[in-house]
Amino acid sequence: MVLACLLSVIFTQPVAAMQAEAIQTVALQPVANLEAQDTPNDPGGSIDLSWELSPDSALVKRYEVYRAESTEGPFEKIVEFLIPTTYYTDADTLLRNKKDYYYRVDVVGKLGTRGSSKIAGPAIAKPQWFNTNRLAVLVFALIYGGLVILYIEFAKRDRGMFVRRIAGLDAIDEAVGRSTEMGKPILFSFGIGYLTDVATLAALSILRRVARRAAQYETRILVPNYDPIVMTAAQETVKQAFLEAGRPDLYRESDITFLTADQFGYAAGVDGIMLREKPGTVFLQGVFYAEALILAETAHSVGAIQIAGTNMATQLPFFIAACDYTLIGEELFAASAYLDRDPQLLGSLKSEDMAKIITVAIIAVVSIVGTVGAILASVSGKNEILLSLGEFVNDLFETLKGFLTTS
Amino acid sequence: MKRTLPLIITFLAGVFVVVTFFIPREPFGSLEQRMLVWASILGGFTLLLGIDSLIKHHGRKLARREKDWFYSLVTLLGLFGTLAAGIVTWAKYGTPLELASLNEVGGFFWVYKWVMVPLQGTMFALLAFFIASAAYRAFRARTFDATLLLIAAILVMIGRLSMGVIPATLVLAVLLVAAGIHRLLIRKPVFGAVLAVAGVGLGALVLAFPQDAIRLAPQVQEWLMSVPQTAARRGILIGVTLGTIAMSIRIILGIERTYISST
């Protein structure tokens, strides 16, 4: 019995190896449906390839992609994959636009056996004039841009446009007055934003209002800066505000200084100023990261009233917890319109509300369509009408989702 | 003209960048990236403005022996000391960014590693204490909103505990009862009664069904974070995005001019 087992092991192993070798020496079946086409929405110089795996993929050791400028060749290997792959984007720097290219994908077995696909092509790389992936963005931008212009026109005619009260902006005059009564300076920080940040630009309009009031009340205003360009803009803004208030003599350029371009160095510097100068009011307006709470809590410790505002969603909870007033996101951007009451600015503010209604409506419609589709798919059973309705709704949902999620 | 020219430049640059966002074809497709490179090069030069301001401000304080002049001295020593370390390393290795200077006292990277990094770490570490003090103020159950915030925060903390869910929940229950009694004493009977009943109910439930409490705590935490928290956050983000677009349109069209001085 033992002998029989040994014999069977000795003889069956070479037979199995020979069978595998026989399979390997037979040509492998190539990949199927090789397609080559220009990469969409790109600046050119790129061709997309796609194919289906070989039926013998279990025996394939690697996939080789070849390119030629004519069907006759010569074909040059451009890439190889050691794992099963079904697509490749040829963005070789040698690839030229408006030129014919032909492709072939070879599968190579473990013993060197090969299978070559049919030649795909000609494929021509072309640069595009419009990125269709950004169509949804364009549509929304046009609608929103149109709304802004429309509401600006409305606002020019209707000067009594209603804007809800924003406590943080209403408190500016009170806060400046408090500093004046206490005989203490005002401190204004832009955080660690740059002039390219929209939040910093919005904060400049608040600084202008604060500086104008400070000039009227003859109160000192300190603006330590993280970015030299923001410092220059802040100096110009405060200077202008003091001039408008009729007190250019009170303007001190040395109160609007550069501290450092290091995040925690800036936080330490501003904290130091707060502890030494003990401001009566602290404005934290602009772009803030981890230093937000360090600044807000130090301001609280010196007894300052604080008005904060940022578009950074991660820092808003800290400001809400630590400050007396907080401008939440869009309220910061509404500051200039709210404070100046300029009809054009108010019109753009109103258009934001309309855009918000449209956005919420789109979210609601897509959510309802998605939910209905899911419900229909689960309850339709064998009912043909419900099945087709479910398919239609799901297709609609996928189309909407596809359109809205392209970027 | 001093005000009109910047507005024209802003309009042209703004429209151009918006249009190129939709055109992948060169040279438009890479223009945004190229402009960012230009901006960073210009940003490097503007640092000179900052250094000029820093030296003038602190130099004046030092020369006039103004109040707190000693801090100005430290600032200027820090500035010129780091500059000297950079020059010495540059002279020795041909570049100030030589990693070998890490182990040389006074080398540029030595200053970075042994002075700047610890100082940054110290400031960042302060955050833990500031979070505690801000949380104490925010979570004092003075109003209904603050109480909701307090309960939500404690539930999230309990849900993230790897062990000790039962004792922690019992502590929460005791706190709720204590807050309720305090409210009753300061003549807020309805609010006080709600808090006390909630505390007693929570304590009783945890003691009656301890296994379910251990199982449910992470689920409650997960729900709080993924539903109400995410919903509020998305609402704020939609508002911020629309506000940013509106502000950008106002700047491009020259309606928003507060960033330009007319002096």
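How far apart do the C-alpha centres of domain 1 of chain A and domain 2 of chain A lie? They lie 60 Å apart. Domain 1 of chain A covers 27–124 and domain 2 covers 167–333, with bounds from an automatic or database domain assignment.

Some conventions. This is a predicted model, where local features need pLDDT of at least 70, side-chain atom pairs count only at pLDDT 80 or more, and totals for chains, interfaces and linings use all residues. Residues are numbered from 1 along each chain as its sequence is written, and chains are lettered from A and ligands numbered from 1 in the order in which they are written.

Next, the sheet. Chain A has an open sheet of 6 strands, in parallel pairing, ordered β11-β10-β9-β12-β13-β14. Helices (H or I, at least four residues) and strands (E, at least two) are DSSP runs numbered from the N terminus, and strands pair if DSSP finds at least two bridges between them. In chain A, β11 (256–258) and β14 (325–328) each have a single partner strand, so one side of each lacks a neighbour in the sheet. The twist averages 15 degrees from one strand to the next; axes are lines fitted to C-alpha atoms, for helices over the stretch in contact, with angles from 0 to 180 degrees between N-to-C directions.

Within chain A, β9 (186–191) and β10 (221–225) pair over 2 bridges, and Leu187(A) stands opposite Leu222(A) in β10(A).

Last, the contact between chains: 63 residues from chain A and 53 residues from chain B, contact meaning C-beta atoms, placed from the backbone, within 7 Å. Helix α5 (228–244) of chain A gives the most to chain A's side, with 10 residues.

Terms used. Contact = placed C-beta atoms within 7 Å.
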